Amino acid sequence: RAIEEGHLHCMILWGPPGTGKTTLAKLLARQTRAEFLTLSAVMAGVKDIRAAVDAAMRLRDLEARLTILFIDEVHRFNKAQQDAFLPRVEDGTVVLVGATTENPSFEVNAALLSRCRVWKLERLTDDDLIELCRRALGDDERGLGAKHLEIDEVTLRALVERCQGDARATLGALELAAEQA
């Protein structure tokens, strides 16, 4: 209900690779018509953080638009980098959405963590991934539907099992198989 009404909170999305952390953040932005800015903690420094926050402040002041600042691998930021967000998280300039594969209780500093809700995502089930493959195989626009490929149940199940709950790996394996067909 909060999302439908455009009320977002800062959050950390914690889960294994391929469980949809980035996709969820993008969907939140789309649903709330918020600007979506993204930084990779592996590549960004304090200068990049400040530039993203400045852009969010301009959007807020000029267009009254909310900005979701998505930080991939948020656990890789050091304390100073994480602290750089605090004033703008507190004043609502940005809605911070961090993604991590590591337990945020140990990897995100307490000050930032106390301002976020942690949402734990679980590995996708084999049945979930089979459904994902079927959708990809049937989607003419964004998937492989235009190729009119067929895959038997045994082969599909084997492909999915090898990917161990990771949707990104599953779709990549399916695309690779389609290229070989």
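**Close-up views of a predicted model**

**View 1. The crossing of helices α7 and α9 is right-handed.** A crossing counts as right-handed if the near helix is turned clockwise from the far one by less than a right angle, and as left-handed if anticlockwise. The residues in contact (heavy atoms within 4.5 Å) are L129, L132, C133, A136 and L137 of α7 and A167, T170, L171 and L174 of α9. By class, this contact has 8 nonpolar residues, 1 polar and no charged. Here Ala, Val, Leu, Ile, Met, Phe, Trp, Tyr, Cys and Pro count as nonpolar, Asp, Glu, Lys and Arg as charged, and the others, Gly among them, as polar. The two axes come within 10 Å and cross at roughly 45 degrees; α7 and α9 are therefore oblique to each other. Axes are lines fitted to C-alpha atoms, for helices over the stretch in contact, and angles run from 0 to 180 degrees between N-to-C directions. Angles under 35 degrees count as roughly parallel, over 145 as roughly antiparallel, 65 to 115 as roughly perpendicular and the rest as oblique.

The model is predicted: local features need pLDDT of at least 70, side-chain atom pairs count only at pLDDT 80 or more, and totals for chains, interfaces and linings use all residues. Residues are numbered from 1 along each chain as its sequence is written, and side-chain values use heavy atoms, with hydrogens and water left out.

**View 2. Helix α7 also packs with helix α8 (residues 153–162), at an angle of about 115 degrees.** Their axes are 9 Å apart, and this crossing too is right-handed. From α7 the contact takes D126, D127, L129, I130, C133 and R134, and from α8 E153, L156, R157, L159, V160 and E161. These residues divide into 6 nonpolar, no polar and 6 charged.

**View 3. The largest pocket holds about 850 Å³ of space.** On a 1 Å grid over the protein atoms alone, a pocket is an open set of points where a 1.4 Å probe fits, with protein on both sides within 12 Å along at least five of seven lines; lining residues have an atom within 4 Å of a point. Grid points are joined across faces, edges and corners, and the volume is the space filled by probe spheres set on the points. Of the 27 lining residues, T23, L132, A167, R168 and L171 lie nearest the centre. Two or more lining residues come from each of α1 (21–32), β4 (95–100), α7 (126–138) and α9 (167–180). Helices (H or I, at least four residues) and strands (E, at least two) are DSSP runs, numbered from the N terminus. The lining has 11 nonpolar, 8 polar and 8 charged residues.
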